[in-house]
Every structure is written in structure tokens, then in C-alpha cells.
Amino acid sequence: MNKSNIHPKAKIEKNVIINDFCTIEEDVKIGQGTWIGPNVSIFNGAEIGENCKIYPGAIIASDPQDLKYKGEKTKVIIKKNTIIREYVTINKATKANIETFIGENVLIMAYSHIAHDCIIHDNVILVNNSSLSGHVEIFEHAIIGGVTAIQQFIKIGAHSYISGGSLVRKDIPPFIKAAGAPLSYYGVNSIGLARKNFNNNKINEINNIYRLIFQSNLNVTQAIKKINKEFKKSKEKNTITDFIANCKNGILKR
């Protein structure tokens with residue numbers, strides 16, 4: 001007999017395994033094939049996709065730690081094949097019709113915290129004790145090292161790598177490594193890109209773009225202008241220039 005407290009109106013699909021001592025509230029949806037370990041709490045507003053794994057002690061869709069929150073009906077959406085390890089906490093959003101969002105194939109390691117209104121895109125990895133303040137957005141295939149703290153409203157670019165123990169106060173452009181204190185540009189994430197099947201020509205193109213941004217005498221505005229003039233159109237170039245153009249926090253230093 002299962003010893004969990006599962007609300008009878010929770011929408012739980014086929015082949016879901018729920019271990020003992022879990023709490024699952026009424027307004028919860030769980031996709032088929034998902035595994036939920038013991039002592040997991042899933043509160044109202046959680047929508048969990050297919051084939052996810054949620055390990056013991058995780059808390060999903062708890063109220064945001066924000067004094068502006070007045071009990072609005074908000075959500076946490078977690079897409080398929082995502083793994084949430086032990087004692088992870090994920091807060092729901094602060095305003096109605098807004099959601100905290102976790103994409104597909106995301107790995108969130110033990111003791112990490114994802115605050116209200118964050119957006120985590122597909123294939124992101126958060127290493128143990130990563131701590132995200134509200135409204136953080138992390139793009140595809142980024143890796144956040146352990147014990148990293150990310151300030152609210154920060155954006156982390158696709159395929160970037162942030163070293164463990166970092167304090168992130170500026171936006172991190174795509175395809176780069178960030179390390180040191182204060183957090184600085186440490187080159188292009190060449191190994192990570194090669195593992196994702198970027199060829200040498202693409203990696204060299206990215207390197208050349210970032211040489212202008214971080215290793216020339218140009219400021220960022222001048223560098224972007226020169227990049228747009230001298231480099232051919234490509235997905236990678238557009239990803240970099242569009243990200244920087246939309247930065248509201250400024251980017252990290254060289």
C-alpha cells in the first residue's frame with residue numbers, strides 16, 4: 001500500500017511510479033512514465049512531462065520567495081526526460097499567466113534552487129548547489145558549475161560554461177567559458193562545442209568573433225558593428241550579436 005498523500009483529482013498518467021511519503025496536491029499533472037522517489041512534495045500548479053525522474057526530497061511548485069506574491073494561481077512547467085536530483089527546490093511564478101519553465105532533457109543536480117519566473121531551456125545542466133534568483137534565463141546546452149549563484153534577471157547564453165563557485169552578476173554570451181573572480185571571459189567553450197558536433201570552421205568563426213569583442217581595443221558597440229560588417233551571415237554569428245544586442249545587464253568583462 002502506497003503511503004503517499006495523493007489528491008484524488010491530481011491528473012496522473014499511466015505508468016507513473018510514486019514512492020512512499022510523497023505529497024501531490026490537486027492541481028498537479030504528471031506525464032506517463034515519470035518516476036517520483038520518496039519524500040517528494042509537488043504542490044498546486046506543477047505540470048510535469050513524460051519520463052522525468054524526481055529524486056527524494058525534491059520540492060516542486062512551492063510558493064515563490066517573493067513578498068510581491070499574493071497567492072495568484074501560477075505554474076511550474078517541466079518538460080519530458082528531465083532529471084531532478086535530491087533536495088532540489090523549484091518555485092512557481094509570481095504572477096498569474098506566467099510560469100517557471102524547465103525544458104526537455106535538463107539535469108538539475110542535488111540541492112540546486114530555481115527561483116520564481118526562471119526559464120531553463122532544453123539540455124541545460126545545473127551542477128550541485130546551483131542557485132538561481134528570480135527571472136533568470138538559461139539557454140540550450142549551457143552548463144552551470146556547482147555552488148554557482150546567479151543574480152536575478154541574468155541571461156546565460158547557449159553552449160556556455162560557467163565554472164564552479166562563480167558569482168554571476170552580468171549576462172554570459174553564448175559559446176564561451178566564464179571563470180575567475182570577478183567572473184571573466186576565459187575563451188570559447190571549444191571542447192563543449194566539439195562534443196556537440198560543431199566543426200572546426202564553426203569553432204574558428206566563433207573564436208574570431210570573440211577576439212573582436214574581448215581581445216581588441218574596440219568597445220562592445222564598435223566590435224559588434226565591425227562583426228556585422230566583416231563576417232558573413234551565419235546562425236552562430238546571429239546568436240552572438242542578437243544576444244548581446246538584447247542584454248540589459250551588460251556582459252562580463254574580458
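Which residues of α2 are buried? In this predicted model, local features need pLDDT of at least 70 and side-chain atom pairs count only at pLDDT 80 or more, whereas totals for chains, interfaces and linings use all residues. Residues are numbered from 1 along each chain as its sequence is written, and side-chain values use heavy atoms, with hydrogens and water left out.

The buried residues of α2 (under 20% relative accessible area, with exposed meaning over 50% and partly exposed in between; 1.4 Å probe, protein chains only) are I203, E205, I206, N207, I209, Y210, L212, I213 and F214. Helices (H or I, at least four residues) and strands (E, at least two) are DSSP runs, numbered from the N terminus. With 15 residues, α2 spans 20 Å between its first and last C-alpha, close to the 21 Å expected at 1.5 Å a residue; the expected span is 1.5 Å times one less than the number of residues. At the start of this helix, a side-chain oxygen of N199 comes to within 3.1 Å of the backbone nitrogen of N201. The buried residues of α2 pack (contact means heavy atoms within 4.5 Å) against β26, β27, α1 (190-195), α3 and α4.

Helix α3 (residues 220-230) buries A223, I224 and I227. Viewed down the axis of α3, its buried residues fall within an arc of 100 degrees, so they line one face of the helix; the arc is taken from the directions from the helix axis to the C-beta atoms. Turned away from that buried side are the exposed residues T221, K225, K229 and E230. The packing partners of the buried residues of α3 are α2 (200-214) and α4 (235-245). N219 caps the N-terminal end of α3, with a side-chain oxygen 3.2 Å from the backbone nitrogen of T221.

Now to the sheet. Ten strands form an open sheet with mixed pairing, in the order β3-β6-β9-β12-β15-β18-β21-β24-β26-β27. β3 (17-18) and β27 (184-188) stand at the edges with a single partner strand each, so one side of each is left without a neighbour in the sheet. Strands count as paired if DSSP finds at least two bridges between them. The parallel strands β9 (residues 53-54) and β12 (residues 83-84) are joined by two bridges, and I54 stands opposite I84 in β12.

T148 counts as buried because its relative accessibility is 1%. Leaving aside neighbours within four places in sequence, T148 is in contact with residues including N129, I162, S166 and V168.

Note on methods:
A polar contact is a pair of N or O atoms within 3.5 Å; within protein, one must be able to donate a hydrogen and the other to accept it, and residues adjacent in sequence count only if both atoms are side-chain atoms.
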